[in-house]
Amino acid sequence: MASSGLELLWVSLPQLGKGAAQTLSISLLSIAFSTLGGVLYGVLRTLDHKWLNAVLRLYLELFRAIPVLVWLYLLFFGFPIFFGISIPSFTCAVLVLSLWGASEVGEVVRGALHSLPRGQREAGLSIGLSDPQLYGYVLLPQALKRMTPPTINVYTRIIKTSSLAVLIGVVDVIKVGQQIIERTYESVLIYGALFLFFFFICYPLSAASRVLERRWTQA
Amino acid sequence: MSALIEFQGFNKFFGEQQVLKDIDLKVAQGEVVVILGPSGCGKSTLLRCLNGLEKAHGGHLRFAGRELLDKATDWRQVRQDIGMVFQSYHLFPHMSVLDNILLGPLKVQKRDRREARAQAEALLERVGLLDKRDAFPRQLSGGQQQRIAIVRSLCMNPQVMLFDEVTAALDPEMVKEVLQVIQGLARDGMTLLIVTHEMAFARAVADRIVFMDAGRILEQHPPETFFTNPRTARAQQFLEKFSFVEALPKKAPTKELELL
């Protein structure tokens, strides 16, 4: 039994690998876009521009209040119906996860920038720095320490949430697992493997976040 | 003589509250003006308006003949000409002393690195901190950090320096080293606007004392006139509070001492 189980895993490995590649590329792309979008969002929120702030708040609340799954359905099934635009499931997953992730990372960045002493901004302005220079040289480098640990936690949530992409037809590692189970009924074995897959990707990230947090709060 | 800085009928509000009322103040090139007054009288706000950190709501503010309250004012340019030093120094904690000083000259003024660095080192030498050029702010005392902050402003080659209670956050034994630096600038003929609670220093360094209360300028006099013969009752009260400590009688020897 044990050997046949391992054999099955061995045989399924290429197939599972393809699924894993899908999961990882959705996650990595979403993480990259979330980071870029989140930094932009966080910086824009601290500019205290009335209208811009209102728009960004609306965006944040929409992604906080509405589950990611609903966003996925809305884009994947809704867009073709309402606008006649159909978006491939992979693109759809990356798009939704990125927008959601950017709102999460963005709030972290905003908080980190906000927690810096006000004097840092004023000292930067008083030597004639422009806004981009002020953020690039003075504010963001200081906020980096405060925002890195919580941002890594957002990353792990993006990786885990990417599993929802199954529901709009992305053949990710979970879908591949389900297909193998349908053929072989080895659900314990396959789900065990999936468990390990996600654990070994997300655990090092949250461990790193904890270590960084401890090291940087001591300094 | 035309003034380098000129406030005229200048007003500023925080919400409903008017914090600067009808300010008229002229500062000539090379003049050292010390602004005194009780906390919350608007003296710091006045400095911050001159640097564009606070926006004004009426009147005129001219610098070197230009109206600063124009919408078209390039505050980045003005800030290079008008340096400002803050109460809590606000050095950039993630940069070395030299990087703190060179950020403005290199990134804002796009100066040659070698030339700017030579000036930074000369200024550091002048304030006695050349050996700290590679240190980080957290490794320095308050007095040292404040002297670096002054050098950071000076290295932009401003025409005017604003000092906003720069010794208020310092331990008493570090006040002197910072005041000496400011005194040196005054002697060199730099235009200075200083907000302070150090009365003896004000008296020693000022060409003119400006006394403010509740958002208005009540008196403008040479220091000797102001300190020996303040005209307004408010200024007299204010000075009495500061002379209170000096005027205290010495404590009489106690019985225990006699027993010894």
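How far should the twelve residues of helix 7 of chain A span at 1.5 Å a residue? The answer is 16 Å, and the end C-alpha atoms of this helix, residues 173-184, are 16 Å apart, which agrees. That expected span is 1.5 Å times one less than the number of residues, and helices here are DSSP runs of H or I with at least four residues, numbered from the N terminus.

Quick housekeeping, folks. This is a predicted model, where local features need pLDDT of at least 70 and side-chain atom pairs count only at pLDDT 80 or more, while totals for chains, interfaces and linings use all residues. Residues count from 1 along each chain as its sequence is written, chains are lettered from A in the order written, and side-chain values use heavy atoms, leaving out hydrogens and water.

Okay, back to helix 7 of chain A. Its buried residues (under 20% relative accessible area, 1.4 Å probe, protein chains only) are V173(A), I174(A), V176(A), G177(A), I180(A) and I181(A). Looking down the axis, they fall within an arc of 160°, taken from the directions to the C-beta atoms, so they line one face of the helix. On the face turned away sit E182(A) and R183(A), which are exposed, meaning over 50%.

Now, L113(A). Skipping neighbours within four places in sequence, L113(A) has contacts (heavy atoms within 4.5 Å) that include G42(A), Y135(A) and L139(A).

Last, confidence. The predictor gives the complex an ipTM of 0.87 and a pTM of 0.85.

Definitions and conventions
Helix = DSSP H or I, 4+ residues; strand = E, 2+ residues; numbered from the N terminus.
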